[in-house]
Amino acid sequence: MQELDLARVICPLHELGDPGAKGFTMGEGDWPLRGFVVRRGQTVRAYVNHCPHAGFPLNFAPDQFLAPGAPLILCYMHGAVFEIENGECVSGPCEGLALRALPVKVTPGYVMLDDDVPLAEPPDL
């Protein structure tokens, strides 16, 4: 059985509703990686918590990344909406842009950040 790298565990899979989302911060120092994971059916994706329109975090409260009553990601600052499956903005001030994806893997019972992802804010944000 493979050991879990606890530094890369985002959350237990059962903590994500369907649809559901959960924010996370990984790394240390002034510029850790801030992201969120989102689930819809069997699809689990992760994105940097950074709106491509103005650079603000998408959520207004912890784990509040989904549009009310719709399976879409919502930027609460400017109302942009994004597809869960690919992070593409389908409406709002950043239409045609996309969220920055973070590769994740779902191991038995856990959602984990891929081993190749640096645990720091991307330098080009």
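The model is predicted, so to speak of local features a pLDDT of at least 70 is needed, side-chain atom pairs count only at pLDDT 80 or more, and totals for chains, interfaces and linings use all residues. Residues are numbered from 1 along each chain as its sequence is written, and side-chain values use heavy atoms, with hydrogens and water left out.

Me: Which strand has the highest confidence in the protein?
Reply: pLDDT is the predictor's confidence in each residue, from 0 to 100. The protein averages 93, and 98% of the residues score at least 70. Strand β9 (residues 104–107) is lowest at a mean of 93, while the highest, at 98, is strand β8.

Me: How many strands does the protein have?
Reply: Helices (H or I, at least four residues) and strands (E, at least two) are DSSP runs, numbered from the N terminus. The elements run β-β-β-β-β-β-β-β-β-β from that end. Helices number 0, and the count of strands is 10.

Me: What radius of gyration does the protein have?
Reply: The radius is taken over C-alpha atoms, and the globule rule is 2.2 Å times the number of residues to the power 0.38. The C-alpha atoms fill a box of roughly 45 × 35 × 25 Å along the principal axes. For 125 residues a compact globule would be near 14 Å, which agrees with the protein's value of 14 Å.

Me: In what order do the 4 strands of the open sheet lie?
Reply: Two strands pair if DSSP finds at least two bridges between them. Strand β3 (residues 33–40) is joined to β4 by 6 antiparallel bridges, and β4 (residues 43–48) pairs with β8 over 2 bridges. The edge strands, each pairing on one side only, are β2 and β8. With antiparallel pairing, the order is β2-β3-β4-β8.

Me: Which residue is the bridge partner of Tyr47 in β8?
Reply: Strands β4 and β8 run in the antiparallel sense. Ala46 stands opposite Leu102 in β8. The partner of Tyr47 in β8 is Ala101.

Me: How many of the 6 residues of β4 are buried?
Reply: Buried means under 20% relative accessible area, exposed over 50%, and partly exposed in between (1.4 Å probe, protein chains only). Of the 125 residues of the protein, 38% count as buried. Strand β4 is largely enclosed by the rest of the structure, because its buried residues number 5 of the 6.

Me: Which strands are the edges of the open sheet of 3 strands?
Reply: This sheet has the order β5-β6-β7 with antiparallel pairing. Strand β6 (residues 81–83) is joined to β7 by 2 bridges, and Phe82 stands opposite Cys89 in β7. The strands that pair on one side only are β5 (72–74) and β7 (89–91).

Me: What is the relative accessible area of Gly17?
Reply: Gly17 lies in the loop between β1 (9–12) and β2 (20–26). The C-alpha atoms of Gly17 and Gln42, 25 residues apart along the chain, are separated by 11 Å. Gly17 is partly exposed, with a relative accessible area of 35%.
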